[in-house]
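Here is a friendly briefing to read with the model open beside you. It takes the sheet and its strands, then the helices.

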Amino acid sequence: MKLPASIKIGPYVWKIQLRSKTWQKREGKFGFCRFDDFAMDIVDDLPPLFKAEIVHHEIGHAIWWTYNLDSREREERAIMSLSRGYIDLWADNPELLRWFAAQLPSS
Ligand SMILES: [Zn+2]
């Protein structure tokens with residue numbers, strides 16, 4: 001299943017830009033949330049669960065920004081802990097994730 005090319009968070013549409021290992025080495029990161037042009041950089045070639053954590057992490061930054069939360073340092077620590085917690089939850093309880101998906105309105 002492919003990662004969507006764009007996602008909607010609150011009133012905004014964010015482009016997801018897949019990046020190479022070369023980008024990862026140059027930038028020293030696996031993902032980045034660019035608030036100035038509503039885009040997220042995500043390294044493409046990563047183990048599936050780690051890539052899911054990175055996507056979740058960058059979405060967390062976008063949510064933090066969109067809903068006007070504060071403080072850069074607390075943001076980084078909070079999002080890292082939340083991302084790992086959710087990834088662990090989904091990996092260990094796939095039936096719960098399917099249940100959440102089933103609660104969404106069908107489009
Ligand atoms: Zn971060």
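**A sheet and its packed helices**

Strands S3 and S4 (residues 39-43) pair in the antiparallel sense over four bridges. This is a predicted model, in which local features need pLDDT of at least 70, side-chain atom pairs count only at pLDDT 80 or more, and totals for chains, interfaces and linings use all residues. Residues are numbered from 1 along each chain as its sequence is written. Strands (E, at least two residues) and helices (H or I, at least four) are DSSP runs, numbered from the N terminus, and two strands pair if DSSP finds at least two bridges between them.

**The S3 and S4 hairpin**

- Cys-33 stands opposite Met-40 in S4, and Arg-34 stands opposite Ala-39 in S4.
- Four residues lie between the two strands of this hairpin, and Phe-38 takes a positive phi near 50 degrees there.
- S4 is largely enclosed by the rest of the structure, because four of its five residues are buried (buried means that 20 or more other C-beta atoms, placed from the backbone, lie within 10 Å of the residue's own).

**The whole sheet**

- S4 also pairs with S2, here in the parallel sense and over five bridges; in S2 and S4, Gln-17 stands opposite Asp-41.
- Four strands make up the open sheet, in the order S1-S2-S4-S3 and with mixed pairing.
- S1 (6-9) and S3 (31-34) are the edge strands, each pairing on one side only.
- On average, neighbouring strands of this sheet are turned by 25 degrees against each other, direction ignored (axes are lines fitted to C-alpha atoms, for helices over the stretch in contact, and angles run from 0 to 180 degrees between N-to-C directions).
- Helix H2 (residues 48-66) packs on the sheet and touches S1, S2 (12-19), S3 and S4; residues are in contact if their C-beta atoms, placed from the backbone, lie within 7 Å.
- The direction of H2 makes about 20 degrees with that of S3.

**H2 against H3**

- H2 and helix H3 (residues 72-92) pack at an angle of about 135 degrees, with their axes 9 Å apart.

How values were computed: Two residues are in contact if their C-beta atoms, placed from the backbone, lie within 7 Å. A residue is buried if 20 or more other C-beta atoms lie within 10 Å of its own, exposed if 12 or fewer, and partly exposed in between; C-beta atoms are placed from the backbone.
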